[in-house]
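Hello,

Here is the structure I said I would pass on. My notes on the ligand site and the pockets follow below it.

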Amino acid sequence: MIRRVVFNQKGGVGKTTIVCNLAAIAASRGLRTLVIDLDTQGNATQYLLGGKAGKADRTIGDFFESTLGFSLQTPPFVTYATNTPYENLDVVASDPRLEDLQVKLEAKQKVQKLRQALDKLKGYDAVFIDTPPALNFYSRSALIAANRCLIPFDCDEFARQALYTLLDNLQEIRADHNDGLEIEGIVVNQFQGRAKLPARVVAELREEGQPVLEQTLSSSVRVKESHERHMPMIQLDPSHRVTQEYVALYDALD
Ligand SMILES: Nc1ncnc2c1ncn2[C@@H]1O[C@H](COP(=O)(O)OP(=O)(O)O)[C@@H](O)[C@H]1O
Ligand SMILES: [Mg+2]
């Protein structure tokens, strides 16, 4: 089972958009797909569930809370999933309680719990994990639970310094906790190939031997519309240029 985490500790780089669009493509191809929303802000949950986002019966907060109890039998992870309007696509919804739960989960060393739950998960072919913009308990849990990691990058000079820190952090997590984590590569989001600075930054990263993927994602207002209408691009506009870029990225990773 593919368990892909999309992570960058910087916000606004496209994590949520990439998770939801790649997951929607997987689902459209018949893979039973689960998105796990580990960000308290719940943007992936909003994107996929729209008005029903706050009404999920069970959430990721319920899952983590259950790991704090004394019962030996925690419910199977599938019980925390909610159906989206899209065939084959489910989401484990975010929960504002993640904020308060974090300290307890850390104190009780529950960072392996997501991995253990996913090890036992049946009924899905692909899992996509959306992460908060921080290297905190939840993103660590995701990086330990996943077998693949995709890094979105928005190509500015400040983000570049943060990228080196991120790559170091990932190597440390691999060495200490998860040697099965494959770094799939860096995907440049909202790439402006004609502008000088982004093109130079990308060229320099490649020269340094950083794993920058050939496939890039352009910027389009259609993506914002896709969020507003709670429809992934493959549903909203399958022939759109950006949709095709997501498909190309999906195929390159597969
Ligand atoms: N390819 C794109 N074109 C246009 N806007 C985009 C694109 N990718 C992301 N965005 C917008 O950028 C903002 C941040 O994206 P998001 O996926 O939420 O990033 P993150 O999860 O890393 O914080 C959102 O408003 C989103 O709509
Ligand atoms: Mg996000």
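**Ligand site and pockets**

A backbone N or O atom of Ser220 lies 3.0 Å from a nitrogen atom of ligand 1. Please keep in mind that this is a predicted model.

Two further polar contacts to ligand 1 are on the list. A backbone N or O atom of Lys15 is 3.0 Å from an oxygen atom of the ligand, and a polar side-chain atom of Asn189 is 3.3 Å from one of the ligand's nitrogen atoms. Of the 560 Å² of accessible area that ligand 1 has on its own, the protein covers 84%.

The shell around ligand 1 holds 15 residues, with Gly12, Gly14, Thr16, Thr17 and Ser218 coming nearest. By class, 11 of the shell residues are polar, two are nonpolar and two are charged. Helix H1 (15–28) and helix H9 (221–228) each supply at least two residues of this shell.

Ligand 1 takes up the space of the largest pocket, which has a volume of about 520 Å³. Its lining has 28 residues, and Gly12, Gly14, Thr16, Thr17 and His227 lie nearest the centre. H9 gives the most to that lining, four residues. The lining of the largest pocket counts 16 polar, eight nonpolar and four charged residues.

The second largest pocket has a volume of about 350 Å³. It is lined by 20 residues, the closest to its centre being Phe63, Leu72, Thr74, Lys113 and Lys120. Helix H3 (60–68) supplies the largest share of this lining, four residues. By class, the lining of the second largest pocket has nine nonpolar, six polar and five charged residues.

Regards

Notes:
Residues numbered from 1 in each chain as written. Chains lettered and ligands numbered in written order. Predicted model: local features only at pLDDT ≥ 70, side-chain atom pairs only at ≥ 80, totals over all residues. Heavy atoms only, no water. Near = heavy atom within 4 Å. Polar contact = N/O pair within 3.5 Å; in protein donor to acceptor, adjacent residues only side chain to side chain. Areas by Shrake-Rupley, 256 points an atom, 1.4 Å probe, with all protein chains shown as cover. 1 Å grid on protein atoms, 1.4 Å probe; cavity = no way out; pocket = protein on both sides within 12 Å on 5 of 7 lines; lining within 4 Å. Sits in = over half its atoms within 2 Å of the grid points. Nonpolar A, V, L, I, M, F, W, Y, C, P; charged D, E, K, R; others polar. Points joined across faces, edges and corners; volume = space filled by probe spheres on them.
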